[in-house]
Amino acid sequence: MACFAVPVAEAIVTTVITAVVKRKEKKQETKANNSVVEKVETGHIKLSEKLSWLNMMLWGGSILLMFEHVWHGEVVPWFPFLTAAESKEGIVEMLQEMSTVGVGMAVAVTICWCIMVLVADAVVKNTKTSKEASL
């Protein structure tokens with residue numbers, strides 16, 4: 001019904017946060033006069049890059065879910081857009097689905113992203129350590 005609304009809300013929030021973080025990183029780069037190449041060689045993945053991974057995961061999954069809901073006739077191009085919102089019983093069921101399935105999906109995607117970030121940081125750290133050891 002509307003379970004995709006929760007990941008969409010999270011995606012909107014993280015998109016705004018990513019834009020703010022990118023702006024701050026750009027200011028810091030300008031102040032420090034460090035190039036992007038130097039940062040990669042130091043074994044550092046920017047926070048904005050990591051957040052963009054989360055954004056892609058959230059937006060991609062949400063768009064697929066929206067398409068699936070449109071395909072099954074649960075989302076329509078006329079008001080109220082969600083067929084469940086046409087009755088009080090439907091609204092209750094929709095809100096229950098959002099609070100269980102939607103929140104569960106958003107949490108699962110965020111946990112997968114956290115694991116992905118930890119693995120990426122470990123790989124970058126090991127790569128940096130291997131390069132230093134070979135010198």
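Asp 121 is partly exposed in this predicted model, with a relative accessible area of 30%, where buried means under 20% relative accessible area, exposed means over 50%, and partly exposed covers what lies in between, computed with a 1.4 Å probe and protein chains only. The model is a predicted one, in which local features need pLDDT of at least 70 and side-chain atom pairs count only at pLDDT 80 or more, while totals for chains, interfaces and linings use all residues. Residues are numbered from 1 along each chain as its sequence is written, and side-chain values use heavy atoms, with hydrogens and water left out.

Asp 121 is the partner of Lys 50 in a salt bridge, with the closest N and O atoms 3.0 Å apart; a salt bridge here is a side-chain nitrogen of Lys or Arg within 4 Å of a carboxyl oxygen of Asp or Glu. This pair links distant parts of the chain, since Lys 50 lies in helix H3 and Asp 121 in helix H4 (residues 88-134), 71 residues apart. In contrast to the partly exposed Asp 121, Lys 50 counts as buried, at 12% relative accessibility.

The search of the whole structure finds two salt bridges, and the other one joins Glu 29 and Lys 46, whose closest N and O atoms are 2.6 Å apart. This pair too links distant parts of the chain, with Glu 29 in helix H1 (residues 5-32) and Lys 46 in the loop between helix H2 (36-41) and helix H3 (47-71), 17 residues apart. Here Glu 29 counts as buried at 15% relative accessibility, whereas Lys 46, at 24%, counts as partly exposed.

These elements belong to a chain that has four helices and zero strands, and read along the sequence the pattern is α-α-α-α. Helices (H or I, at least four residues) and strands (E, at least two) are taken as DSSP runs and numbered from the N terminus. Of the 135 residues in the chain, buried residues make up 28%.

Ser 48 has its place in helix H3 and is buried, with a relative accessible area of 5%; its side chain is joined to that of Glu 25 by a polar contact of 2.5 Å. A polar contact is a pair of N or O atoms within 3.5 Å, where within protein one atom must be able to donate a hydrogen and the other to accept it, and where residues adjacent in sequence count only if both atoms are side-chain atoms. Glu 49, also found in helix H3, is partly exposed, with a relative accessible area of 39%, and the C-alpha atoms of Glu 49 and Lys 22 are 8.6 Å apart in space although the two residues are 27 apart in sequence. His 69 is likewise in helix H3 and is buried, with a relative accessible area of 5%; His 69 and Phe 4 are 65 residues apart in sequence and 8.9 Å apart in space, C-alpha to C-alpha.

The loop between H3 and H4 contains Pro 80, and the peptide bond that leads from Phe 79 to Pro 80 is cis, with omega near 10°. Phe 81 has its place in the loop between H3 and H4, and its phi is near 70°, a positive value in a residue other than glycine. At 43% relative accessibility, Phe 81 counts as partly exposed.

Val 103 is found in helix H4 and is partly exposed, with a relative accessible area of 36%.
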